[in-house]
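Please look over the two-chain structure shown here before reading the notes that follow it.

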Amino acid sequence: MGLMGDLSTAIVLTAKLAGVTTLVLLVMATPLAWWLARSKRWFKPFVEAVTALPLVLPPTVLGFYLLLLFSPDSTLGGAWVDFTGSTLTFSFIGLVFASVLYSLPFMVQPLQTAFEAVDEELLNAASSLGASPFDAFVTVACPLALRGFLSACILTFAHTVGEFGVVLMVGGSLPGETRVISIVLYEYVETLRFDEAHDLALLLVVFSFVVLSTVYLLNRRLRFRIA
Amino acid sequence: MTLHIDMQVTAGEFRLSVTETLPMDGCTAVFGPSGAGKSTLLRGLAGFQFATGRIQCEETVWLDSSRGTDMPSHTRRLGYVFQQGQLFPHLNVEGNLRYAQRRASAAASMQWDRVVKALELDAMLARKVQTLSGGERQRVALGRALLSAPRLLLLDEPLSALDNQRKAEILPFLERAKDEFRLPMLYVSHSLDEVTRLADRVLVLAGGEVKALGETVAILERLDVQSLTGTFEAGAIVTATVFGHDQTRLLTSLRFGDAVITMPLLLHISPGQSVRLRIRSRDVAIALQRPEGISIRNVVAARILDVVSDPASPYSEVLLETGSEHLRARITRAAAEDLDLNPGLRVYALIKSVALGKPDI
């Protein structure tokens with residue numbers, strides 16, 4: 001495979017990883033964000049802190065613990081090998097696990113903010129009209145938090161694309177399996193291929209700029225609608 | 001058929017404790033000064049606010065903390081009209097109405113045409129709720145609550161966010177909803193005008209406790225209740241019969257008790273019909289002789305039943321009787337003393353202004 005082939009494989013793999021991660025997080029983080037937005041329990045701040053940990057921890061810390069967890073000698077890693085016949089480390093599925101943890105706050109926080117903005121009285125109105133809490137969540141809270149969902153998905157996708165440290169620790173660099181574009185860029189630099197590094201870095205800068213602009217435009221339209 | 005309430009709500013320093021049995025028909029006004037716990041009572045009944053005790057609506061127990069029963073709001077089958085309407089902003093008018101209709105029983109969803117017709121919602125079905133005026137919004141909110149086919153309608157100051165003109169526009173719709181759908185209503189208000197027009201009975205709430213419960217006319221006459229509701233709006237309600245319209249002077253004449261009074265033309269009420277009038281205490285003055293050369297035209301012979309003075313207030317409340325009807329006057333304590341007003345004394349009540357109350361059928 002040529003150089004361009006290598007790169008396009010990495011781009012497809014990265015998009016696939018970010019897409020799967022976004023979908024998994026959408027399903028997992030929505031109930032969590034809803035709980036965080038509505039709960040008044042005393043331990044809520046601690047749950048919030050755990051959710052935000054990936055924001056401040058060095059990715060290598062997360063990667064280190066995940067390596068231990070994924071190792072065939074551990075309970076999870078061992079069970080995985082027994083069940084599927086392959087290891088979690090240095091595999092695409094392992095990367096998805098890692099990315100879900102690593103990108104969790106990027107899905108939870110915009111959703112939580114959007115859910116918090118949903119007026120409690122509208123939910124009371126829905127229940128007075130015979131809507132169960134789940135019904136009211138699906139038919140009132142979610143449509144009103146639509147922009148929050150868009151922001152959360154875009155940020156999660158983009159953040160997963162920008163993942164490096166965790167991938168390096170648990171994924172390595174297997175073409176088509178774990179070799180995502182941030183790893184490719186790293187290898188370009190390592191092997192002094194600066195022209196290719198330039199192109200790829202610029203591509204990532206443009207991509208990130210477009211993504212963030214989209215998010216801020218969404219937020220601005222949201223503010224206008226509330227005003 | 002009754003609504004049995006034995007409910008306590010604690011919110012910070014505030015404590016509401018209500019033990020009362022209300023009939024499940026007609027309109028019960030929940031009346032009192034702000035901070036009395038009126039909304040808290042409604043929210044407790046709806047299940048929006050944590051409450052303890054026992055609530056039983058007809059044969060269904062909504063709340064019984066001693067047995068751990070607490071039916072969630074959406075199973076209590078109640079309609080709730082909020083102060084601000086709380087229409088769903090992501091749905092248009094029709095969407096809001098259908099939201100309620102879809103969750104009601106099949107028989108109840110037949111109500112669509114009746115509700116849309118009674119509240120004249122037809123022309124606004126396709127509109128976004130953000131474009132509705134305050135009055136229209138409350139009409140949609142009322143229609144939405146009716147379409148959910150509730151067995152009890154709770155209205156939490158539905159007109160308080162509106163100006164007087166909008167209030168006057170929507171009151172007839174509330175009256176129509178009450179007559180047409182025959183739903184028991186609990187109506188929270190601190191406006192005597194609304195209470196007079198809509199309520200069959202009044203529950204007076206102050207400081208989280210029930211101060212009085214009774215028929216509207218009787219309650220609004222009681223002096224102790226008046227002092228709770230604030231003397232500014234205090235007044236009496238009389239039932240009067242229209243006997244003529246004066247088209248040139250734009251006045252309608254009405255008779256109540258032995259008295260005849262006039263008020264600005266009420267063309268929609270034909271002669272012979274009865275109306276309820278509310279006459280505020282502060283609009284009634286007292287004279288010992290029939291005054292001459294005065295612009296006030298409504299002068300009514302009356303007998304003093306009671307004079308209530310509070311040393312802490314510069315004012316006295318005077319309860320008057322004319323025929324079988326009662327009037328109330330608010331005058332200064334000094335005037336009451338100087339004129340030597342005492343029960344039994346025959347005086348003239350000078351009525352400055354009269355407001356129309358709930359029509360009697």
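The model is predicted.

**Chain B overall**
- Chain B contains 9 helices and 21 strands.
- Its radius of gyration is 22 Å, close to the 21 Å that the globule rule gives for 361 residues, so chain B is as compact as a globular protein of that length.
- Along the principal axes, the C-alpha atoms of chain B fill a box of roughly 65 × 50 × 35 Å.
- Of the 361 residues in chain B, 43% count as buried.
- Taking the contacts in chain B between residues at least 6 apart in sequence, 67% join residues at least 24 apart.

**Helices H4 and H5 of chain B**
- Helix H4 (residues 134–147) and helix H5 (residues 164–181) of chain B have axes that come within 9 Å and cross at roughly 15°.
- An angle under 35 degrees counts as roughly parallel, and H4(B) and H5(B) are therefore roughly parallel to each other.
- The crossing of H4(B) past H5(B) is right-handed.
- On the H4(B) side, the contact is made by B:Gly134, B:Gly135, B:Gln138, B:Arg139, B:Leu142 and B:Leu146.
- On the H5(B) side, the contact is made by B:Arg166, B:Glu169, B:Ile170, B:Phe173, B:Ala177 and B:Phe181.
- By class, this contact of H4(B) with H5(B) has 6 nonpolar, 3 polar and 3 charged residues.

**Positive phi in chain B**
- Most residues other than glycine have a negative phi.
- B:Glu58 is not a glycine, yet its phi is positive, near 50°.
- B:Glu58 is found in the loop between strand E4 (52–57) and strand E5 (60–64) of chain B.
- B:Glu58 counts as exposed because it has 12 C-beta neighbours inside 10 Å, and the cut-off for exposed is 12 or fewer.
- B:Arg77 also has a positive phi, of about 50°, although it is not a glycine.
- B:Arg77 is found in the loop between strand E6 (69–70) and strand E7 (78–81) of chain B.
- B:Arg77 counts as buried because it has 20 C-beta neighbours inside 10 Å, and the cut-off for buried is 20 or more.

**Interface of chains A and B**
- In the interface, 13 residues of chain A are in contact with 17 residues of chain B.
- On the chain A side, the elements that give two or more residues are helix H6 (120–128) and helix H7 (133–144) of chain A.
- H6(A) gives the most to this side, with 6 residues.
- By class, the side of chain A that touches chain B has 7 nonpolar, 5 polar and 1 charged residues.

Methods
Residues numbered from 1 in each chain as written. Chains lettered and ligands numbered in written order. Predicted model: local features only at pLDDT ≥ 70, side-chain atom pairs only at ≥ 80, totals over all residues. Helix = DSSP H or I, 4+ residues; strand = E, 2+ residues; numbered from the N terminus. Rg over C-alpha atoms; globule rule 2.2 N^0.38 Å. Contact = placed C-beta atoms within 7 Å. Nonpolar A, V, L, I, M, F, W, Y, C, P; charged D, E, K, R; others polar. Axes fitted to C-alpha atoms, helices over the stretch in contact; angles between N-to-C directions. Parallel < 35°, antiparallel > 145°, perpendicular 65-115°, else oblique. Left-handed = near helix turned anticlockwise from the far one by under 90°.
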